Amino acid sequence: MHKLNRVKLLLGAPLVALLVVSGQAAQAGVLEKVKAHGSVRCGVAGDKPGFSLIDDKGRWTGMDVDLCRAVAAAVLGDADKVEYLTTTAKNRFTALASGEIDILSRAASWTAERVANLGVDFTTVWFYDGQGFMTHTADGIKKLTDLDGATFCLSPGTTSEQNLEDYFGRRGLTYKTVVIEKSPELYAAFQRGRCNAISNDSSGLAARLALMNNPQDYALLPEVISKEPLGAFVAQGDTTWRNIVTWTAYALMTGEELGVTSDNVDELRGNKTASTDIARLLGTEGTIGKSFGLDSDWAYRAIKQVGNYAQIYDRNLGQQTALNIPRGLNRSWKDHGLMYAPPIR
Amino acid sequence: MSTHRSHNLRLSSVLQQGLVLALVAAVFYLLSSNAALNLKNLNIASGFGFLSQRAGYDISFSLIDYTPDATYARAYLVGLLNTLLVSVLSIVLATLLGGALGIARVSDNWLIKRLSGTCIEFLRNVPLVVHLVWWYGLVLALPGVKHSASLFGVVFLNNNGLNLPWLAQGSQVGWGVALMVLGMLLGYGFCRFKEARTPWRGFASKRWPVLLLGAVVLPLLVYAVSGTQLQWEVPVQRGFGFKGGITLVPEMLALCLALSFYSASYIAEIFRGAIESVHRGQYEAARALGFKSGATMRQLIVPQAIYPMIPQITNTYLNIVKNSSLGVVIGFMELVSSTGGTTLNQTGQAIECIALVMGTYCAISLVISLGMNIYNHRIGQRGH
C-alpha cells in the first residue's frame with residue numbers, strides 16, 4: 001500500500017505540473033479570470049512620482065494607478081480591488097504576455113515594434129510625452145547640441161537609448177552613456193556628477209526635479225527628441241479585455257469633455273434633462289456596458305470612484321501638486337490638446 | 001534465493017531510474033514545446049536572427065572597437081569581454097589581497113593577527129551589493145573632470161574615471177599581449193627541456209625568471225625587428241571629458257574593488273584553514289632542522305596547504321565571475337547589462353537573450369572548473 005502511494009506520487013506530481021503548464025496554452029478570457037480572482041492585477045513602475053508611487057499613507061497613487069483603479073471600478077464595482085505588482089523596464093512585457101498581470105500600466109511607450117513582436121496590444125494613449133533632458137545649471141548648457149561629447153545617464157530597456165543614438169549619432173556628435181536600472185541610483189549618479197545630463201520622459205524628469213532638494217542646480221532643456229505616447233498595454237488576443245481597458249480610459253476622458261465629475265455624477269445620472277451623451281455614458285440609455293461584458297453602470301462607477309481625466313490629472317500632476325506639470329498636449333481636444341475620446345454610443 | 005532477490009532489486013532500481021529519467025525528459029519536452037506554442041500564439045518572434053541587426057546603443061567601456069552601428073552580436077562580445085576583464089582583474093586582486101590577509105591571520109604577531117581578523121570579519125559580513133554601492137559612492141565622490149587629480153600630467157583621476165595613457169592603435173595592444181603569452185610559452189618549453197636533462201627535480205632552477213624573461217624579451221625583439229612605431233596617447237581634458245588614452249570607467253573600478261575586497265575575505269579564510277590543516281609535526285620538524293619561521297611558511301607549509309585549498313578557491317573564483325553580473329546595479333555594461341539588458345529590451349527576445357547569458361556563464365564556469373581541476377590533479381600527482 002505504502003509503495004503504491006509512492007508510485008502514484010512519482011507519476012502524479014509531474015502530471016499535475018504538466019496540466020498547470022499546458023493550462024496556460026488554452027487561455028480563459030482575462031475578464032473571467034479577473035472576476036473569478038476578485039481583483040485586477042496591475043503592473044506598475046512603482047517608483048515614478050505622479051504616475052505610480054506609494055504615498056506617505058501607504059496608498060498607491062498616480063496616473064497609472066488611477067487607470068487600473070478605474071478599470072477595477074468598472075469591472076468589479078470597487079476601485080480598491082487592484083493588486084499592484086511592480087515591474088521593471090526589463091520584465092514588464094514578459095509579465096504581461098505570460099498572464100502574470102492583467103494590465104501593464106507603467107508609462108510604457110506605444111511603438112510598432114512592441115505591438116508587432118512582444119505579444120502585447122496597446123489600449124489608448126493615457127499621457128502624451130517625449131524624451132527630454134536635464135542638465136547641471138553650472139555647466140551652462142542652453143541647447144542639446146551643446147552636449148557634444150557629454151556623458152548621459154539613462155535607464156535601460158526604454159526607447160531612450162535608441163532615441164539618443166538617433167539624435168546624436170545621425171548628427172555626428174559623440175556621447176557616452178551610463179545605464180542604470182533603478183531610478184534612485186540613476187538620479188543619484190547624475191546628481192553626483194557622473195553624467196552631464198540625464199535623459200528620460202519629460203514628465204518623469206519634471207517630476208524628479210520637483211522633488212529634488214536643490215532644484216535650482218538643475219535645468220530642463222527645451223528640446224524634446226521623440227514622441228512617447230504612454231498608455232496601458234494588455235496581452236494580445238483578448239479583444240474583450242482590450243476593449244474594456246481602452247473604453248474605460250475613453251469614458252474618463254469623455255467625462256471631462258461632458259463636464260461629468262465624481263462630485264456631480266450622481267446628480268447628472270438622476271437628472272432626466274441631461275444630454276443623451278451623458279445618459280449613454282452613465283448607462284441610463286443604451287446597452288453599451290452589457291455589450292462589453294459588463295453592466296450598464298460601468299462608466300458611472302469609474303467616474304464616481306476615481307474621477308474624470310481632468311480630476312485624475314489635477315490630483316496627480318496638477319498645480320496643487322509638487323510636480324506641477326502643465327497639461328500641454330494632454331489637454332482635451334476642446335482645449336486644443338490631443339485627448340480625444342471616440343463617441344460612446 | 002539471495003542472488004535472485006538481488007537481481008530483482010537491481011532490475012527494479014534500473015526501472016525506477018529509467019522511469020524518472022523518462023519523466024524528467026517528458027517534462028522538459030512539454031515545457032519547451034508549450035513555451036514554443038505560447039510564443040507562436042502570442043505572435044512573439046523567436047530565433048537568434050536579431051543578433052545580426054544593428055544594436056543602436058552605446059557601450060561606455062569596450063576592449064574592442066564598438067559603435068552603436070555595430071550588431072547585437074558585437075554588443076554581446078563587448079559584454080562578454082567586459083565580464084571576463086572584470087573577473088580576471090578581481091580574481092588576481094582578490095587572490096593577492098586574500099593571500100596576504102590569510103597569512104597575516106595565522107601570524108604569531110598578536111596585533112597583525114587581530115587586525116587581519118577584524119578586516120576579514122568586517123568584509124565578509126557585509127553583503128556584496130552594499131560593498132558595490134559603497135565603492136561606487138566613493139568613486140563618484142572624487143573631484144569632477146575640471147578638478148581632476150593628476151599624476152605627472154599623464155594620469156588623471158576624477159569621478160568620470162581613471163584616464164591612462166594608451167597606445168594610439170588599439171590593435172597593437174592585442175599583438176603585445178599575444179607576444180607576451182607566446183614568450184612565456186617559449187620560456188616554459190625551455191624550462192621543460194632543461195628539466196628533462198636534470199637528474200633530479202630538486203636541482204632544476206626556478207621557472208619564473210625564465211618565463212618573465214620570455215614575456216619581456218620576445219615583444220621587445222619583435223618591436224625592434226619589425227620597426228613598428230609605437231605612439232603613446234596621453235589623455236587631454238577637452239570639453240566634458242578626456243580625449244585620448246584609455247578611460248577606466250568608475251563603474252568598472254567600483255565593481256573590481258567591491259568584488260576583490262569581498263572575495264578576498266573568503267580567500268583569506270580558505271588560506272587560513274588550509275594552513276592550519278597542515279600537521280603541527282611539520283612545524284616542529286622544520287624548527288628541529290633549523291628553518292626560520294619565514295622559510296618554514298614559504299617552503300614547507302604553504303606548498304602543502306595549496307592542495308586542500310584548490311577546490312574552495314575554485315568556488316570563490318566561480319563566484320567572482322557570477323557576481324560580476326551585479327555590475328548591472330551600477331550600470332557597468334557587462335554580459336547581463338548588455339545582452340541580458342538593453343539587447344533584451346530593444347528586441348524583446350527574452351528567452352533567447354537569457355539563454356545566451358546563461359549558456360555563456362555556464363561555459364565560463366566550466367572552463368574555470370576544468371582548469372582548476374587539472375591544476376589540482378597535477379599538484380596531487382606531484383605529491384607532497
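## Conventions

A crossing is left-handed if the near helix is turned anticlockwise from the far one by less than a right angle, and right-handed if clockwise. The model is predicted: local features need pLDDT of at least 70, side-chain atom pairs count only at pLDDT 80 or more, and totals for chains, interfaces and linings use all residues. Residues are numbered from 1 along each chain as its sequence is written, while chains are lettered from A and ligands numbered from 1 in the order in which they are written.

Helices (H or I, at least four residues) and strands (E, at least two) are DSSP runs, numbered from the N terminus.

## Confidence

The model has an ipTM of 0.70 and a pTM of 0.75. Confidence per residue is given as pLDDT, the predictor's own score from 0 to 100. Chain A has a mean pLDDT of 87, with 92% of its residues at 70 or more. Chain B averages 85, and 94% of the residues score at least 70.

Within chain A, helix H3 (residues 63-76) has the highest confidence, at a mean of 96, and helix H1 (residues 2-23) the lowest, at 42. Residues 1-26 of chain A have pLDDT below 50. This stretch makes 15 contacts beyond near neighbours in sequence; two residues are in contact if their C-beta atoms, placed from the backbone, lie within 7 Å. Where pLDDT is low, the predicted coordinates should not be read in detail.

## Domains

Domain bounds here come from an automatic or database domain assignment. Chain A splits into domain 1 (30-129 + 229-333) and domain 2 (131-226). Their centres, taken over C-alpha atoms, are 30 Å apart. The contact uses 16 residues of domain 1 and 15 residues of domain 2. On the domain 1 side, strand S5 (103-109) and strand S6 (120-129) each supply at least two residues. That side holds seven nonpolar, five polar and four charged residues. In this scheme Ala, Val, Leu, Ile, Met, Phe, Trp, Tyr, Cys and Pro count as nonpolar, Asp, Glu, Lys and Arg as charged, and the others, Gly among them, as polar.

Chain B is assigned domain 1 (2-38) and domain 2 (52-143 + 251-382). Between the centres of these two domains of chain B, over C-alpha atoms, lie 39 Å.

## Chain interface

At the interface, 39 residues of chain A meet 38 residues of chain B. Four helices of chain B give two or more residues each to its side: H1 (2-41), H7 (250-277), H10 (327-330) and H11 (335-347). H1(B) gives the most, with eight residues. By class, the chain B side has 18 nonpolar, 18 polar and two charged residues.

Two packed helices are described by the angle between their axes and the distance between the axes. Axes are lines fitted to C-alpha atoms, for helices over the stretch in contact, and angles run from 0 to 180 degrees between N-to-C directions. Angles under 35 degrees count as roughly parallel, over 145 as roughly antiparallel, 65 to 115 as roughly perpendicular and the rest as oblique.

H3(A) packs against helix H9 (residues 239-258) of chain A at about 105°, with the axes 9 Å apart. The pair is therefore roughly perpendicular. A:Leu67, A:Ala70, A:Val71, A:Ala74 and A:Val75 of H3(A) meet A:Ile244, A:Val245, A:Thr248, A:Ala249 and A:Leu252 of H9(A). Nine of these contact residues are nonpolar, one is polar and none is charged.

## Helix packing in chain B

Helix H3 (residues 110-124) of chain B and H7(B) cross at roughly 125°, their axes coming within 8 Å. That makes H3(B) oblique to H7(B). The crossing is left-handed. H3(B) contributes B:Ile120, B:Leu123 and B:Arg124. Residues from H7(B) include B:Phe261, B:Tyr262 and B:Glu269. The contact comprises seven nonpolar, one polar and two charged residues.

Helix H2 (residues 72-105) of chain B crosses H11(B) at roughly 150°, and their axes come within 7 Å. H2(B) is therefore roughly antiparallel to H11(B). Residues of H2(B) in this contact include B:Tyr72, B:Ala75 and B:Thr83, and those of H11(B) include B:Leu335 and B:Thr343. The classes here are six nonpolar, six polar and no charged.
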